[in-house]
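This briefing goes through some charged side-chain pairs and one further residue. Please look at the sequence and the structure first.

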Amino acid sequence: MLARLGVGTNLALRLRANGFVAVALGTVLTFANPGPLAREGGIGTDPAPFAEAVDDNCMVTHAYRAQGEEVLCEGDFSGAIQSFAEAIRQLPESLIVYYGFNMTDPLRQRHARAMRAKVDALATHAPKDGATAYLMRGALGLWSGDFQGAVQDFDEAIRLNPERAAPYHLRGAAWFGAGNWQRAIRDYDEAIRRDPEDAIAHYSRGMARFWEWDHQGGIEDYGVALDLNPNNPVIFQLRGFASGVVKDHEQAIKDYGEVIRHLPEESSGYYDRAGAWLMTGNANEAIRDLDAAVRLDPEAALNYYQRGVAWHQEKDFAKAMQDFDQALRLNPEDPHAYYSRGMVWHDQNDFERAVADFGEAIARRPEDAYLYHARARAWLRKDEFDRAVQDFDQVIRLDPQDANVALAYLERGRATWLKGDHAQAIEDYGNAIRLDPKAAEAHHVRAFLYSQQADYDRAISEYSKAIEIEPADAVAYSGRGGMWQRKGDLKLAIRDYGEAIRLQPDEAAHYVSRGLASLGIKNYQSAVGDLDQALLIKPGDAAAHLIRGLALDRMGIQDRATADFDRAVQLADDDVTALRQMAWRLSAGPCGVRDGRSAIKLIDKALTLDSDPFLHELRALALIEAGEFEKAIEAYEAALATSEPPSGSSLAPEGARQTLGQNLQRALIRNGYAIEAVSGVFDPVTRQALIACVLSGCRPRLGIAACAAESVPPPSRNLQAALRSLGPPEVAIEDES
């Protein structure tokens with residue numbers, strides 16, 4: 001990115017290729033301007049002849065100087081330094097003035113006249129200036145990346161002439177190149193103190209302050225430099241970049257506009273302004289600028305890449321793909337283009353191609369964690385959970401303390417959960433919370449996982465922590481209400497559902513949940529009121545009609561109850577989701593709602609429409625509620641025999657099986673068979689014990705205290721009548737009413 005700041009000289013490219021990115025930016029920008037040396041020579045703006053300052057009486061010195069010039073022009077920095085050093089050794093006070101600039105970049109050509117004038121002035125006014133000789137040898141060392149040697153030469157120049165601004169300025173550039181921003185700033189301070197009108201020193205100090213993380217200070221220095229030299233596009237480009245970093249994108253757009261005004265035939269200003277437009281979400285303006293950049297520089301892969309990003313932001317996937325393809329034709333080794341093209345495939349749900357492109361990016365940048373993160377998400381969408389976990393492992397390995405690692409743990413937790421490894425998932429979510437204590441989502445999911453293990457106390461604790469983080473989280477209140485309901489504390493459940501309603505009054509599910517809990521404590525009037533509100537928000541909700549019918553039935557309002565039951569059955573007749581939801585309420589709801597026999601009829605109807613294994617599981621819950629343990633076990637085994645997860649589910653087969661087993665355990669615990677539940681699900685001993693219990697005539701023992709204090713009401717005759725339209729149940733159960 002830095003190499004695009006208007007300094008596209010061969011010298012900059014050589015330095016960048018050798019790892020000297022900072023010096024490519026700092027020193028080339030410094031010397032691409034009239035600079036402190038020119039100012040000290042009293043140079044005007046008129047062109048002057050390009051003169052070589054030669055001591056005619058010292059042919060040996062001249063020979064070494066000429067040799068240095070020749071090898072410098074060939075790009076041999078080391079050889080040039082050796083030749084110039086020998087010239088200084090022969091005659092320490094001689095003036096070495098030829099810098100060997102490559103005048104190919106338009107921005108540097110803009111300053112060529114001043115450079116020639118500077119050289120002429122130095123030759124005229126300082127033919128015996130030893131300080132200048134050290135200064136210029138130091139400059140060559142600086143260009144080649146020999147920062148230590150450059151600093152030593154600038155130290156000597158300062159010793160010989162301590163009041164001169166130039167050696168402080170250039171030593172600051174050497175410290176900048178070495179990455180010592182604080183020393184660079186101190187030297188630029190000294191240069192500015194001696195020559196406060198030097199715009200270059202101000203914006204050079206601005207760069208050092210920027211890299212020292214004093215971004216605002218850097219922007220202030222760029223402003224002073226522009227006050228002194230408002231026609232320098234380099235400074236506008238630097239301030240535009242810095243403004244973008246501090247998210248002042250409007251200022252960045254203005255500054256890049258100035259770069260374009262000064263250099264309308266250069267593509268870099270359009271490219272950078274497009275980046276600022278993208279940061280403001282204005283992809284259309286970005287595309288217009290990138291069209292101009294492509295026209296001016298059709299061989300620059302970055303222009304196509306950036307335009308592809310803009311088209312992607314506009315969700316024009318076809319055009320984004322065309323630009324990324326072109327970027328890769330021009331630069332087939334660009335990992336960013338592979339990554340971005342992979343994101344386009346991902347957004348089109350083509351996860352196979354997304355994985356392939358992310359893999360190409362990783363092959364070129366194997367230490368970039370975000371590439372593994374992207375591929376892990378694609379594996380997750382392909383239901384390849386082991387591979388997703390492996391890539392999330394790489395994200396965590398590469399930078400275990402990075403802020404994004406909390407997200408990696410969060411998403412790896414999802415992968416391990418879908419694999420069926422709930423213990424590892426809980427650990428992963430715990431690590432996400434450790435790295436990001438404000439990760440409310442992690443508490444939400446851990447609460448769900450604990451609920452899957454029937455550990456309702458821990459689930460309640462997790463929901464409570466989520467509420468502490470986000471007090472307006474209606475979903476957390478509703479979830480905690482569900483856990484209180486599972487524990488049988490319906491009054492606390494009603495309280496939490498009430499908070500959920502206060503925070504999210506337009507969500508019908510909250511009213512249904514509170515109505516269900518009110519039904520469980522025989523507060524039928526409140527239950528009917530909540531169900532009325534739920535049906536106003538979501539008319540046609542079969543489960544809401546069912547529950548309101550149960551409340552009305554308990555109140556003795558038979559005609560309305562019958563109407564609700566009939567409506568519930570009518571709505572759910574060919575709707576598997578509605579049938580399943582109604583059956584779940586009847587087999588796992590509060591005590592006053594449970595009706596295993598009615599639930600069986602609903603499930604049997606659903607099984608004629610779908611073979612989802614969770615329907616077999618739900619049938620087993622209903623059979624447990626009805627006391628048919630042997631048939632319940634058979635229903636669970638039928639569910640487990642299905643290797644595929646339920647329709648539309650993202651659960652892996654092993655995850656589906658584990659979830660089924662945990663649901664059976666919860667049902668056993670709820671009905672008083674805690675010992676059998678914890679001793680193992682479906683092991684031969686447990687199975688035989690349950691069958692023996694059923695054959696000996698024992699009935700379910702309700703494990704929840706609230707249910708033990710009252711008998712579950714018998715099935716409603718009105719509900720039974722409504723359910724007859726669904727057909728006879730496969731399992732005949734004696735009517736106890």
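The side chains of R375 and D391 form a salt bridge, with an N to O distance of 2.7 Å. The pair ties together parts that are 16 residues apart in sequence, because R375 lies in helix α22 (residues 369-381) and D391 in helix α23 (residues 385-398). The model is a predicted one. A search of the whole structure finds 40 salt bridges, and some of them are described below.

- R375 has a relative accessible area of 18%, and the limit for buried is under 20%, so R375 is buried.
- D391 is buried as well, at 4% relative accessibility.

**The pair D428 and R412**

- A salt bridge joins the side chains of D428 and R412, with 2.6 Å from N to O.
- This pair links distant parts of the chain, with D428 in helix α25 (residues 422-435) and R412 in helix α24 (residues 403-419), 16 residues apart.
- D428 counts as buried because its relative accessibility is 0%.
- R412 also counts as buried, with a relative accessibility of 13%.

**The pair R495 and D496**

- The side chains of R495 and D496 meet in a salt bridge with an N to O distance of 4.0 Å.
- Are the two residues of this pair, R495 and D496, buried or exposed?
- R495 counts as partly exposed, since its relative accessibility is 45% and partly exposed covers the range between the buried limit of 20% and the exposed limit of 50%.
- D496 is buried, with a relative accessible area of 1%.

**A network of salt bridges**

- Which residues are linked with D189 in a network of salt bridges?
- The network links D189 with R205, R209, D214 and D221.

**The residue S513**

- S513 is part of helix α30, which covers residues 508-520.
- The relative accessible area of S513 is 13%, so S513 is buried.
- Which residues does S513 contact, leaving aside its neighbours within four places in sequence?
- With those neighbours left aside, S513 is in contact with Q485 and Y497.

**Points to keep**

- R375 with D391, D428 with R412 and R495 with D496 are each joined by a salt bridge between side chains.
- In the pair D428 and R412, D428 is buried and R412 is buried.

Definitions and conventions:
Residues are numbered from 1 along each chain as its sequence is written. This is a predicted model: local features need pLDDT of at least 70, side-chain atom pairs count only at pLDDT 80 or more; totals for chains, interfaces and linings use all residues. Side-chain values use heavy atoms; hydrogens and water are left out. Helices (H or I, at least four residues) and strands (E, at least two) are DSSP runs, numbered from the N terminus. Buried means under 20% relative accessible area, exposed over 50%, partly exposed in between (1.4 Å probe, protein chains only). Contact means heavy atoms within 4.5 Å.
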